[in-house]
Amino acid sequence: MKICIVAGARPNFIKVAPILRAIDKARQAGNDVECTLVYAGAESDSTLEQSLFDDLQMRRPDVFLGVDCVSLNELTGRVMGEFEHFLEQHPTDVVIVVDDLASTMAAAIVTKKQGIKLAHLVAGTRSFDIRMPKEINRLVIDGLSDLLFTAGEGASQAVTREGAQLSQVFLVGNILIDSLRANYSRLRRPAVADQLGLSDNGYLVFTLNRKVLIDNRDNLRLMLKAMVQAAEGCPIVAPLRGRAKETVAQLLATINAPLDGFHLVPPMGYLEFGYLTAHARGVITDSGNVAEEATFNGVPCATLNDYTEHIETVRKGTNVLVGEDPQRLAESVADMVAGRWKASSLPDRWDGRAAERIVQILMTEKA
């Protein structure tokens, strides 16, 4: 059985690594299975530092499509062309696409046009906001997929409501947790924590990535001020990169409030960032992945959005949605610092075995 996994961006590899391990395990058990890992971007992509693959204990991609452009429509077309060429040269039984990027959608379309079985990893996630490009990508990918691997009951219900047959939908669990469980004993306290004199459970972590949040500078400034004031001196560690780091640094300079406790620090590797969030008093983020890891760790989390694609982090986990409202953010940060937070539990199938289920399903479907 020849499997191809397509990754479109750095975060995808955290979800791919467990599948590669499960495939290796299946092959060692005597199954005739092999896997090619394809990356839509260029080999020179600065976000793919070797430490990422070392931390995840996985190999670098076998194939780089080399597509690097800003326009989503141009990217979609170029990935389609490059991936079509790849499939023509490499016989493949099933293609696994990850998440909801434009490159993911492009690979999905080409796969189906080539008559190859398509599997979607983390299917059924929905914002129910059709204005979002990623929501369109999700709908297209799920509509084309032969196998839909979902992380929770809500996602399974979403794809069945939209017409997917029950025989196509597999609730395999949260594969992000597979990576976290597999690497938990390897998490490393970052050097910056010692440099700042941080004690476990004595600081907050802040991450920022969403373009719409970064672009609304006036409101972001209000949110930053509210967060700092509500923290009341509790250190806030912000490992930001790119535009997020530049924008936050500029806005902090305009805030008339004590900022000694706010620390902009360099981006961290997977194992160091994992340690930082696992031992935090609370997390403020706009990342679904970070919110999911906070739920696994039992760490209070405030998400800077009015929705989450993984509602189980709110219904069962530690996550609360504060949107882009400075007042709601301030209230949540104050609760974190004071040790007031809702009771939580682990959602179903966050047991670290999602990848094993996926590979078993692929082998069964092939048979």
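Trainee: Is arginine 59 buried, partly exposed or exposed?

Mentor: We're on a predicted model, where local features need pLDDT of at least 70, side-chain atom pairs count only at pLDDT 80 or more, and totals for chains, interfaces and linings use all residues. Residues are numbered from 1 along each chain as its sequence is written, and side-chain values use heavy atoms, with hydrogens and water left out. Buried means under 20% relative accessible area, exposed over 50%, and partly exposed in between, with a 1.4 Å probe and protein chains only. Arginine 59 has a relative accessible area of 32%, so the label is partly exposed.

Trainee: Which residue does arginine 59 meet in a salt bridge?

Mentor: A salt bridge here is a side-chain nitrogen of Lys or Arg within 4 Å of a carboxyl oxygen of Asp or Glu. The N to O distance for this pair is 3.0 Å. The partner, at 40% relative accessibility, counts as partly exposed; the residue is aspartate 62.

Trainee: How many residues apart are arginine 243 and aspartate 215?

Mentor: Their closest N and O atoms are 2.7 Å apart, in a salt bridge. Helices are DSSP runs of H or I with at least four residues, strands are runs of E with at least two, and both are numbered from the N terminus. Arginine 243 sits in helix 11 (residues 242-252) and aspartate 215 in helix 9 (residues 211-215), so this pair links distant parts of the chain. The separation is 28 residues.

Trainee: What is the N to O distance between aspartate 348 and lysine 316?

Mentor: Aspartate 348 is in the loop between helix 15 (326-338) and helix 16 (354-366), and lysine 316 is in the loop between helix 14 and strand 13 (319-321), so the pair ties together parts 32 residues apart in sequence. Aspartate 348 is exposed at 55%, while lysine 316 is partly exposed at 31%. Their side chains meet in a salt bridge with an N to O distance of 3.2 Å.

Trainee: How many salt bridges does the structure hold?

Mentor: Some are linked up: Asp100, Glu135, Arg138 and Glu309 form a network of salt bridges. For the structure, the count is 24.

Trainee: Is aspartate 99 buried or exposed?

Mentor: Aspartate 99 is in the loop between strand 4 (94-98) and helix 4 (102-113). Its phi is near 65°, a positive value in a residue other than glycine. Most residues other than glycine have a negative phi. With a relative accessible area of 13%, aspartate 99 is buried.

Trainee: And glutamate 232: buried or exposed?

Mentor: Glutamate 232 also isn't a glycine, and its phi is positive, about 50°. You'll find glutamate 232 in the loop between helix 10 (217-231) and strand 9 (236-239). At 70% relative accessible area, glutamate 232 is exposed.

Trainee: What is the volume of the largest cavity?

Mentor: On a 1 Å grid over the protein atoms alone, a cavity is a set of points where a 1.4 Å probe fits but cannot get out, and lining residues have an atom within 4 Å of a point. Grid points are joined across faces, edges and corners, and a volume is the space filled by probe spheres set on the points. The lining of the largest cavity includes Leu121, Phe149 and Asn174. Its volume is about 40 Å³.

Definitions and conventions: On a 1 Å grid over the protein atoms alone, a cavity is a set of points where a 1.4 Å probe fits but cannot get out, and a pocket is an open set with protein on both sides within 12 Å along at least five of seven lines; lining residues have an atom within 4 Å of a point.
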